[in-house]
Amino acid sequence: YLPNLLFFRFFPLVLAYNLNLVISYLLASLGTYLFTRKMGLSSISSFFAAFIFTFSGFLAVHLNHFNLIQAASLLPLVFWSALFLWEKPKLKYSILAAFFISQQIFTGHFYIVFITCIGLFLFWLGKILFEKRNNLRKKLVFISLSFVITFIFSAIQLLPTIELWQLSQRS
């Protein structure tokens, strides 16, 4: 996860931890604002939505679960990039969505990643069912490409995790 790599490399532990928490909350608010603006809400409504998500009970009560906060704060950015990918199916938007999903994987909280992937599936399924089917094949190709790129980006984390999972008592 890029903020962890940067902050824990160049700052003392306590400062890096606190900066990461601040960055997580800023990413949550920025992502929610961008996503709601992209969905067509007004600026004030988007600001209000960002404020509510950022200071929601979920993020507040999990303050001591560092990687959960980091993963959850990327959720709105994942959906924002997914909406871009749906509206303009291009390689750069596939890479953007893959980047945010892979960063969420790198936070180390796979339950939130699982919830995000289920949410993305339902989000895109709703788009398929309730919107015009312009360029549906092209959109599905770029969505699939996004997940392939996500796996490539995060293979350095996923492959050892799969190996560990197979060797654990929970396999």
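In which helix is Ser-46 found, and what surrounds this residue?

Tutor: The model is a predicted one, and what follows should be read that way. Ser-46 is found in helix α3, which covers residues 43-54. The relative accessibility of Ser-46 is 0%, under the 20% limit, so the residue counts as buried. Setting aside residues up to four places away in sequence, Ser-46 touches Tyr-33, Thr-36, Arg-37 and Leu-41. With Arg-37 there is a polar approach as well: a polar atom of the Ser-46 side chain lies 3.4 Å from the backbone nitrogen of Arg-37.

Ser-94 has its place in helix α6, residues 91-106. Ser-94 also has a relative accessibility of 0% and therefore counts as buried. Leaving out neighbours within four places in sequence, its contacts are Leu-85, Phe-142, Leu-145, Ser-146 and Ile-149.

Now to the helix packing. Two packed helices are described by the angle between their axes and the distance between those axes. Helix α2 (residues 13-38) packs with helix α5 (residues 66-87) at an angle of about 25 degrees, and their axes are 8 Å apart. The angle is under 35 degrees, so α2 is roughly parallel to α5. The crossing of α2 past α5 is left-handed. From α2, the residues in this contact include Tyr-17, Leu-21, Tyr-25, Ala-28, Gly-31, Phe-35 and Lys-38. Those they meet in α5 include Phe-66, Ile-69, Ser-73, Pro-76, Trp-80, Phe-84 and Glu-87. By class, the contact of α2 with α5 has 16 nonpolar, 6 polar and 2 charged residues.

The other pair is α7 and α8. Helix α7 (residues 110-130) and helix α8 (residues 136-167) pack at an angle of about 175 degrees, with 13 Å between their axes. An angle over 145 degrees counts as roughly antiparallel, so that is how α7 runs relative to α8. On the α7 side the contact is made by Phe-110, Cys-117, Leu-120, Trp-124 and Ile-128. On the α8 side it is made by Leu-136, Leu-140, Ile-143, Phe-147, Gln-157, Leu-158 and Thr-161. This contact of α7 with α8 has 10 nonpolar and 2 polar residues, and no charged ones.

Technical notes: Residues numbered from 1 in each chain as written. Predicted model: local features only at pLDDT ≥ 70, side-chain atom pairs only at ≥ 80, totals over all residues. Heavy atoms only, no water. Axes fitted to C-alpha atoms, helices over the stretch in contact; angles between N-to-C directions. Helix = DSSP H or I, 4+ residues; strand = E, 2+ residues; numbered from the N terminus. Parallel < 35°, antiparallel > 145°, perpendicular 65-115°, else oblique. Left-handed = near helix turned anticlockwise from the far one by under 90°. Contact = heavy atoms within 4.5 Å. Nonpolar A, V, L, I, M, F, W, Y, C, P; charged D, E, K, R; others polar. Buried < 20%, exposed > 50% of the residue type's maximum accessible area, 1.4 Å probe, protein only. Polar contact = N/O pair within 3.5 Å; in protein donor to acceptor, adjacent residues only side chain to side chain.
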